[in-house]
Amino acid sequence: IQAASIWLEPVSQDTTIGGVATLELYADGEGIAFLAGGLDVFYDEAIVSYNDDFAFDAAFPTDPDFSRPGTSGDPDNCTTDPSALGCSGPGEINGIAFGNFNGIADTVTLVGTLSFTGLSVGVSAITMATNDLPAGDWFDVSGSPMDVVYRGAQIGVPVPAAVWLMTSGLAALFGFARKRKTV
């Protein structure tokens, strides 16, 4: 079985509540071209929301009849449509899939982009796994199965700077008032 890699960049980034973090999805067949397959992306829906915007890079050589998004449909946002085929629950993008009978991604290739909006303070791991339904496992151009190593990312939504400034200002006032009271 051939091995390949699929990963997200940047590996770590911060956004604000209401701000958008964009991730690029890359693939590398490490010398063997992908024929087809699919992946799911998982995130913490309490920290970030998926913007339903996965799009293939314009230079990515995918067949629209063999890919999602494409004529076969868009990846499912399981947070907004938990009953979609293959959804395991909220916080899943189900069925990003690509394929081309000529083969794709035998070297480092930008597949596409997706974005998330910050909802609340925290850190969301963005992980991936091979899709179960509707796209399924990965295969190389000879039709042989491919093992895929996934490398995710994380999106942090830190406490807004204004809150830190207000908190430190209140602490200073409290300290001043306390000092004044003891004099």
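Author: Gladly. Let us begin with one definition: buried means under 20% relative accessible area, exposed means over 50%, and partly exposed lies in between (1.4 Å probe, protein chains only). A word on the source as well: this is a predicted model, in which local features need pLDDT of at least 70 and side-chain atom pairs count only at pLDDT 80 or more, while totals for chains, interfaces and linings use all residues. Residues are numbered from 1 along each chain as its sequence is written, and side-chain values use heavy atoms, with hydrogens and water left out.

Reader: Why does Val-121 count as partly exposed?

Author: Val-121 has 42% relative accessibility.

Reader: What makes Ile-17, Val-121 and Val-159 a nonpolar patch?

Author: A patch is made of residues with over 30% relative accessible area and no salt bridge; nonpolar side chains (Val, Leu, Ile, Met, Phe, Trp, Tyr) are joined within 5 Å, like charges within 9 Å. Ile-17, Val-121 and Val-159 form such a patch on the surface, with about 220 Å² of accessible area together. Areas of this kind come from the Shrake-Rupley method with a 1.4 Å probe, and for residues only the protein chains shown count as cover.

Reader: Where is Val-121 in the chain?

Author: Val-121 sits in the loop between strand E9 (109–118) and E10. Helices (H or I, at least four residues) and strands (E, at least two) are DSSP runs, numbered from the N terminus. The chain has one helix and 13 strands.

Reader: How do you know that E4 and E10 pair?

Author: Two strands pair if DSSP finds at least two bridges between them. Strand E4 (residues 34–42) and strand E10 (residues 122–130) have four bridges, in the antiparallel sense, so they meet that definition. One of the partners is Thr-127 in E10, bridged to Phe-42. E10 also pairs with strand E13 (residues 153–157), antiparallel over five bridges, and there Val-123 has Gly-156 as its bridge partner.

Reader: Which residues is Thr-62 in contact with, leaving aside its neighbours within four places in sequence?

Author: Contact means heavy atoms within 4.5 Å. Under that condition, Thr-62 touches Phe-56, Ser-67, Phe-98, Gly-99 and Asn-100. Thr-62 lies in the loop between strand E6 (55–56) and strand E7 (76–77).

Reader: Why is Ala-105 called buried?

Author: Ala-105 has a relative accessible area of 5%. Buried requires under 20%, so Ala-105 is buried. Its phi is near 60°, a positive value in a residue other than glycine.

Reader: And is Glu-30 buried, exposed or partly exposed?

Author: At a relative accessible area of 45%, Glu-30 falls in the middle range, so Glu-30 is partly exposed. Glu-30 has a positive phi too, near 50°.

Key. Salt bridge = Lys/Arg side-chain N within 4 Å of Asp/Glu carboxyl O.
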